Each structure stands twice: as structure tokens, then as C-alpha cells.
Amino acid sequence: MGNINGKKFGFTALFPIRSKESAVALRPYLRSMDGHPYGSPLSSVDIIHMARFMIIDNLAYQGVPAKRDELKSHYLLFLCDFDGGSLDVLVRKLVSKMGETVDDIWQHCVGYPGRTYRDRLTAYFEDCQLATTFFLADRPNDEVAAILRALMYKRRFTGFVESCQRSRPPDLRAAFLQLWRSLETEPTPPAGSL
Amino acid sequence: MDLSDIQGNILRGYRSFPDACFLFFRVDRSGAGREFLKRLLEKDSITPGQWREKPEVATNIAFTFEGLRALGVPVASLASFPPEFQEGMKSRAALLGDTGECAPNQWDEPWQGSTVHILVTCYARVRETLIGHCSELRRLAPEGVHELVPHQEAGLLFVDGKRTRKEHFGFDDGLSNPDVEGVPDDGGLGDTGNPDEQGNLRKIPVGEFILGYPSEGQELSAMPVPHMFTRNGAYLVVRKLEQHVLRFRDFLRTQTAALRSFPGVKLSGGPRAAEDFLAAKMFGRWPDGSSLDLYPTAGAGDKSNNFNYANDLEGARCPLGAHVRRANPRASLGFGGNIVRRRRLIRRGIAYGDYLPQDVTEANGGGRRGIMFLAFNGSISQQFEFVQQQWMNSGDDFRQGDDADPIAGNRIGDGKMVEPSQPFRRDQNCAGRMVIPGDQRTAREPFLCSGIPRFVTTKGGDYFFAPSLTGIRLMAAGKVYIL
């Protein structure tokens, strides 16, 4: 299936927005998510590697001769790479981890069934899905936790280089061993903390 | 290409106009705004790209989206302008890294408290004529067009009593503006085009900067309507950038003790050799303009652009994250430099404030200084905003992780872990970091600079549209029609 690469699922969907007024209300709400202390409310969904929201207002066609084109509505574009073999995995996690925020976003979209009935919500997501024919995934077999851990190692190692770049070899070795031992026991950082 | 219709400051550098003044206006009544434009046109005040006689003061004009709206440009036309121009720079501050001490609530006036509608730029050959010229322009503004204060003076810096093209950190500026097709040679070295299939430099299609002409993609880029109004126009990015010179010099001094004794670092002679070495590594050029790619150990007074980093892909000569290498990566991202072809900017920046002599310290330093950054491009989002977001404020393309540009980049997050009890905040000002790669040929080891403070802070700016002379006439006559 085009959506799957290793352990990852690549999902792209266009959700029609109810009205121009809904689009006007939704845009600032999505922008306000940038102020979340952990970067985004999506960071609480611990299977998501990357996600993006975009509102498509209009399709202006420029050419020679120029002419305008009209879509049937405004659209909410949602792209998401997550660990999982099916869309149901994503929907389940979105509802359980984000709760009301799912309603706050998708209530503006035509046909949104609410978050109470997960099967209907999964079917809704599937209906709005754009077919993915080729999914290029960075590190397809590394789940979110593994990547967070790798980033942590990188950060810690950078700090080590910063503090030890003038050290003599014996001190360098001792400091490196201390770093290595601390990395073995350090907990994986939560998403959005790096 | 009709240079008599394109405003002069886009394709001309105004190199022989060393003093400048920027005037800002708000339009309260559209009729008054159009009357102002009419008067400017009647006086032949707006300088085109081709003049019959060289003016004493070159004057040009540009409009924000709100300015176009205030002048009565029809809604159907306004709606066809690109979204980033419609929103304006202030609304996009977070995208551009203008947060913390660079946030709009820290900007100078008139940028902080007002929306500038009209920008009038005046570049003079002789400073004394500039003041009189600006006064005349102000008298042309009718009631209903209000000047926003303060205006902004600028000019080429006096260093050791001589006019120079240096910026406040001490580096020669404006050395690699693009060579554009169809533009008469302005005395440059002709070595700043884009590479062709053979890797030779060739001139850049004018459509990368001016609307209505084929671009590098060999198509006409998107133009707002009506085309008669927007053809021969260009988008202008204006940013007032304050330069913290003492902060910069202090940082260099704190690092030099470590640098002098670092394995493999060979410094040229002179009392400030270590500072100059580090500054050059951060900038990517020596203060005299010589490229590190051509002259890795010392400047040689050669300002040419006959380099492309193709033989320095590991950054041993010019660090991968150095300022000029980020601003124009040339061939260092592979594919013969084709990746950068559509990210060029025509820069028309000019310094403001007095140059700070080397012997000035914190105790006796004073005044504010920086650069009025002006860049013309055919697409703000594809050119200026791309370079700002992807190359200045991010290091991914250069294998620098999230390290930002050491000179002009933002400083959000310092790569340290965030404790859950103190979650990461985007407006938190932190210190930056830069790797100076080692050089296997000279056995120089890599050196990690850390604790780099923010040397450049944004103090104002906006996105403007600089119409053609035809476009200005249409606006003045109230004849911007959508059929």
C-alpha cells in the first residue's frame, strides 16, 4: 500500500470546511497552536512524527490568458506521518490524547461526526483521504521514541564536545565514560521538549 | 524590457548616491493619496531605471498592501496579491524569527505603532541636497496624507574619515548582487549570475525579480491583476536591522584566547589576528571582501566572486554555516548550483548610524546603528522568506542541525534539553552555536563556538510593492480596473 513505509504511515486528507466564516475562525485557532508549550497539542500524540495543517482558501489560476478557478469550498489540509499500520491507530490516539482539541479543529469541517464514535471518525478520515501512491519516509523503521532518544544523544554529545574540546586525552576519556553511563539511564524525553 | 517604466532602485545600485533618507506616509483618504501620487508624477519625482539626465536625488516609491487598499485599488486586484504580501511582515514575525527582542512590540517607530502605507526612498549624490529634497516632497503631501515619524536617515559609513562600503561589523557589503539579463553593466565584475549546465556563470532572467518576464523556470511567475498595473513591478522587503557592534566585538574577544591555542589554528600577523580569523569564519569572507573559499588563511583585497564552494564541500575553508555561504550557497548544495537559482535577492541595503571606532568600549560607546535591509524579489515567499527561514534561521540544508546563522540568525533554543517542568518557549532568547570545521590538510581541529549572542535585532520593516511608472500613473488616476 502506498501509505506504508517500514513502520510508518503517511496520511494526507482534505476536509471540506463548512463555510467561509468557519475558515476565518479556524485559521487563527490553528495559528494559536504555535504557542503551545510543547510546540503543538499534537506532541501529546506519541505516535506522530510530523504533522501539518493548512487551510486552502482558493485556487487562483495565473496564466496567459489568466483565468480564475473556484473550489467547492475552503479546505483543511491535514498531513501526518505516524507509527502505525492503519488510520484507526491514528484516530484512536488523536481522540485519547487530544480530546476536545479534535472537536475544536474538525467541528469546522463538513461531515465531521464528532469524536465519540471512533469508527465513524475513522471512516470520515478515510473518506477525506487523498490517495498516497509513494511515501518517502526518513528512517522508516524508527518509531517516535527511538528518534527522540537519538536526538537526546545528539544534544548530550554536543554539550559534551562543547565542554571538553580543550581537554587532554585522559580527562576526555573519563568525561566521555561519564556521559555514556548517564545516557544509559536517562529517560526518553517527551515529544515537543527538544 | 522597458527600463524607463521600471523604478530605478530595482535594477540600479545607486552606487554614486551615498546618502539616503526614508520617508513614511499614511493615507487617510484615498483621493488625497492619489493626489499625492499625481503631484509626484507631475514633478517627475520618481526616478526610472533609465534617465535622460542623472538626478541629484534618486527618488522611488513603494506601497504596502494596506497602502494599496488605502489608495482605492479595487478589491478584486488586492485579492490577487500573494498572501504573504497581504498579511505584511508584522503578522509573519514568528515565521521570520522576529520573536523575543526582535518581536514587533520591540520595534522602533513608526513600524511598531503604525502601518506604513507609502515608503518614499531618497538617495542623494550630495547630502546637502537631500534635506531640501525631502522637505519639498513633504510639501507635496496634501491633507489626508500624513507623514509617519520619525523618518530614517542612512548613508555609506565613514571609517577612519573615508567613505566606505563597509557595514558596521567592519565587512565590505554588497559584493554579490545578482547579474541580471538586460541590465546595462554598472561596473561590477560580472561574476554573480547563476550557473549554466556547464557550470559557467550566466546572467539571471529578469523575471526572478521583476513581474511580467520569464523567470528561471522559463515561465511568467504569478502576477496580481490587472497585469497592466503590476507588470514591471517588484516586491520589496524592508527590514530595519540594528547591529550590536560592542556585543559582536566582545564575543570575538572572549573566544580568541581559546582560538589562539587551538590545535592547527594558524593566524596571520597583527594584534587582532584571532578576532579577524573568527569573524571571517563566521562571515565567510574576510573584512576586505576576500572569500574564504579562495583565501582561507588571510584576506587579499580580492572582492571577486570566482568561487562556488565546489572544492570545499566539508567547509574546511569556509564553514558550512558561515553567513555568506548560507545567504548564497552557490554550488555547495550540489547539482551544480541549480538548487539556489531561484533563491537570489537584489539587495539594496544601506547603513544607518555612525561607525563605532575600534577603541570605543561599553563605557563610552553610544548611539544606535545598523542596516536598512532592502531586497527586491519576484516572490517574497519563494525568495526572501525561504532564505530567512531555511537558510538564516535553520541549518538543516548545511548539515548544521538547528544552528542558525551566526551573524544574523535568530537565537531560539540553544539545543539544550528542556525540563518538563519548564517547557520550551518560542520567545525565549538563547545563545547560538557554530561549528568551524577542521582542515585535514593543515591539521586544524574542529572548533565549536558556543554562547553566541544575538548580534542583529529586527527593529521594523514591512513588505512593499514597487509598481512601475505605469502602475503608479494608473493608481494616481484611479484607473486600476478589473475587466
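In this predicted model, the C-alpha centres of domain 1 and domain 2 of chain A lie 38 Å apart. Domain 1 of chain A covers residues 4-128, and domain 2 of chain A covers residues 144-185. For the complex, the predictor reports an ipTM of 0.74 and a pTM of 0.89.

Chain A also holds an open sheet of four strands, placed in the order E1-E2-E4-E3 with antiparallel pairing. Strand E1 (4-5) and strand E3 (48-56) of chain A are at the edges and have a single partner strand each, so one side of each has no neighbour in the sheet. In general, the strands of a sheet pair through backbone hydrogen bonds, and the pairing may be parallel or antiparallel. E3(A) is joined by eight bridges to strand E4 (residues 75-83) of chain A, and the two run antiparallel. Within this pair, Ala51(A) is found opposite Cys80(A) in E4(A).

The next part of the tour is chain B. Its mean pLDDT is 90, and 94% of the residues of chain B reach 70 or more. Over residues 414-420 of chain B, however, the pLDDT is below 50. That stretch has 16 contacts in the model beyond near neighbours in sequence.

Consider strand E2 of chain B, which spans residues 57-63. Is this strand enclosed by the rest of the structure or left open? Seven of its seven residues are buried, so E2(B) is largely enclosed by the rest of the structure. A residue counts as buried here when 20 or more other C-beta atoms lie within 10 Å of its own. The burial applies to both faces of E2(B): one side carries Val57(B), Thr59(B), Ile61(B) and Phe63(B), and the other carries Ala58(B), Asn60(B) and Ala62(B). E2(B) pairs with strand E3 (residues 118-124) of chain B in the antiparallel sense, over seven bridges. Asn60(B), from E2(B), has Thr121(B) in E3(B) opposite it.

Trp391(B) is part of helix H12 (residues 381-392) of chain B. Why does Trp391(B) count as buried? Trp391(B) has 25 C-beta neighbours inside 10 Å, and the cut-off is 20 or more. Leaving aside residues up to four places away in sequence, Trp391(B) touches Arg326(B), Ala327(B) and Asp397(B).

Conventions
Residues numbered from 1 in each chain as written. Chains lettered and ligands numbered in written order. Predicted model: local features only at pLDDT ≥ 70, side-chain atom pairs only at ≥ 80, totals over all residues. pLDDT = per-residue confidence, 0-100. Contact = placed C-beta atoms within 7 Å. Domains from an automatic or database assignment. Buried ≥ 20, exposed ≤ 12 C-beta atoms within 10 Å, placed from the backbone. Pairing = 2+ DSSP bridges.
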